[in-house]
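Hi,

Here's the structure I said I'd pass on.

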Amino acid sequence: MRLGIWIAYRYNRPMAQKYGTFLSMIDGHHIYLQCECGRQAEVPVLAMIEALGPEARLKDVAERSRCNGCGRRGAIAELRIFYKVKQT
Ligand SMILES: [Zn+2]
(Lines give C-alpha, C1' and ligand atoms only; values in the text may rest on other atoms or scores of the structure.)
Protein backbone atom coordinates (compact mmCIF):
# COMPACT_ATOMS: atom_id res chain seq x y z
CA MET A 1 0.00 0.00 0.00
CA ARG A 2 1.31 3.40 -0.92
CA LEU A 3 0.61 6.55 0.92
CA GLY A 4 -1.60 8.59 -1.33
CA ILE A 5 -2.94 12.06 -1.01
CA TRP A 6 -2.80 13.62 2.39
CA ILE A 7 -6.01 15.30 3.34
CA ALA A 8 -4.60 17.12 6.29
CA TYR A 9 -6.15 19.39 8.83
CA ARG A 10 -3.55 21.45 10.57
CA TYR A 11 -3.85 22.60 14.11
CA ASN A 12 -1.37 24.56 16.10
CA ARG A 13 -0.65 23.31 19.58
CA PRO A 14 -3.07 25.47 21.62
CA MET A 15 -5.91 24.59 19.28
CA ALA A 16 -5.13 20.89 19.44
CA GLN A 17 -5.18 20.93 23.21
CA LYS A 18 -8.54 22.65 23.30
CA TYR A 19 -9.99 20.63 20.50
CA GLY A 20 -12.89 18.48 21.64
CA THR A 21 -13.42 16.13 18.72
CA PHE A 22 -14.08 12.56 19.80
CA LEU A 23 -11.60 10.14 18.31
CA SER A 24 -14.50 7.82 17.57
CA MET A 25 -15.77 10.38 15.04
CA ILE A 26 -12.55 10.16 13.01
CA ASP A 27 -11.72 6.49 13.53
CA GLY A 28 -10.84 5.93 9.88
CA HIS A 29 -8.10 8.53 10.02
CA HIS A 30 -4.51 8.68 11.18
CA ILE A 31 -2.90 11.23 13.41
CA TYR A 32 0.50 12.67 12.65
CA LEU A 33 2.37 13.89 15.69
CA GLN A 34 5.61 15.76 15.90
CA CYS A 35 7.33 16.19 19.22
CA GLU A 36 9.16 19.34 20.21
CA CYS A 37 12.38 17.27 20.01
CA GLY A 38 11.70 16.63 16.33
CA ARG A 39 10.59 13.00 16.50
CA GLN A 40 7.62 12.17 14.31
CA ALA A 41 4.98 9.49 14.48
CA GLU A 42 1.95 8.39 12.51
CA VAL A 43 -0.64 6.57 14.54
CA PRO A 44 -3.98 5.14 13.40
CA VAL A 45 -6.83 6.76 15.31
CA LEU A 46 -8.14 3.28 16.11
CA ALA A 47 -4.93 2.56 18.03
CA MET A 48 -5.40 5.83 19.93
CA ILE A 49 -8.92 4.79 20.90
CA GLU A 50 -7.59 1.45 22.17
CA ALA A 51 -4.98 3.21 24.24
CA LEU A 52 -7.06 6.10 25.56
CA GLY A 53 -10.58 4.68 25.62
CA PRO A 54 -13.76 5.20 23.60
CA GLU A 55 -14.50 8.59 25.18
CA ALA A 56 -11.11 10.03 24.30
CA ARG A 57 -10.97 13.33 22.47
CA LEU A 58 -8.34 14.87 20.26
CA LYS A 59 -7.10 16.95 23.17
CA ASP A 60 -6.35 13.75 25.11
CA VAL A 61 -4.01 12.70 22.35
CA ALA A 62 -2.21 16.04 22.54
CA GLU A 63 -1.97 15.97 26.32
CA ARG A 64 -1.26 12.29 26.99
CA SER A 65 0.95 11.13 24.14
CA ARG A 66 4.45 10.28 25.28
CA CYS A 67 7.40 10.67 22.95
CA ASN A 68 9.49 7.57 22.29
CA GLY A 69 12.51 9.76 21.70
CA CYS A 70 12.77 12.20 24.61
CA GLY A 71 10.17 10.60 26.89
CA ARG A 72 8.23 13.80 27.48
CA ARG A 73 4.48 13.75 27.64
CA GLY A 74 2.35 16.25 25.76
CA ALA A 75 5.29 18.03 24.11
CA ILE A 76 3.47 18.16 20.79
CA ALA A 77 4.83 20.67 18.32
CA GLU A 78 2.44 19.67 15.57
CA LEU A 79 -0.66 17.53 15.32
CA ARG A 80 -2.43 16.71 12.08
CA ILE A 81 -5.36 14.52 11.28
CA PHE A 82 -5.08 12.91 7.90
CA TYR A 83 -6.70 10.28 5.78
CA LYS A 84 -4.60 7.71 3.95
CA VAL A 85 -5.96 7.19 0.48
CA LYS A 86 -5.21 3.71 -0.78
CA GLN A 87 -3.90 3.61 -4.31
CA THR A 88 -4.07 0.50 -6.41
ZN1 LIG B 1 10.37 14.02 21.94
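By a nonpolar core I mean a set of buried Ala, Val, Leu, Ile, Met, Phe, Trp, Tyr and Cys residues joined through C-beta atoms within 7 Å. Keep in mind that this is a predicted model. Its mean pLDDT is 83, and 78% of the residues reach 70 or more.

The largest one has 13 residues, and the members touching the most others are Ile-31, Leu-33, Met-48, Val-61, Ala-62, Ile-76 and Leu-79. At least two residues of this core come from each of strand 3 (30-35), helix 2 (45-52), helix 3 (58-64) and strand 5 (76-82). Leaving aside residues up to four places away in sequence, Leu-33 touches Gln-40, Ala-41, Val-43, Ser-65, Ile-76 and Leu-79.

Zooming out, there are three helices and six strands, running β-β-α-β-β-α-α-β-β from the N terminus. Of the 88 residues, 18% are buried. Among contacts with a separation of 6 or more, 68% are between residues 24 or more positions apart.

The other spot I looked at is Cys-37, in the loop between strand 3 and strand 4 (40-44). Is Cys-37 buried or exposed? With 12 other C-beta atoms within 10 Å, Cys-37 counts as exposed, because the cut-off for that is 12 or fewer. Beyond four places in sequence, Cys-37 touches Cys-67, Gly-69 and Cys-70. Cys-67 sits 30 residues away from Cys-37 along the chain, with 8.8 Å between their C-alpha atoms.

Cheers

Terms used
Residues numbered from 1 in each chain as written. Predicted model: local features only at pLDDT ≥ 70, side-chain atom pairs only at ≥ 80, totals over all residues. Helix = DSSP H or I, 4+ residues; strand = E, 2+ residues; numbered from the N terminus. Buried ≥ 20, exposed ≤ 12 C-beta atoms within 10 Å, placed from the backbone. Contact = placed C-beta atoms within 7 Å. pLDDT = per-residue confidence, 0-100.
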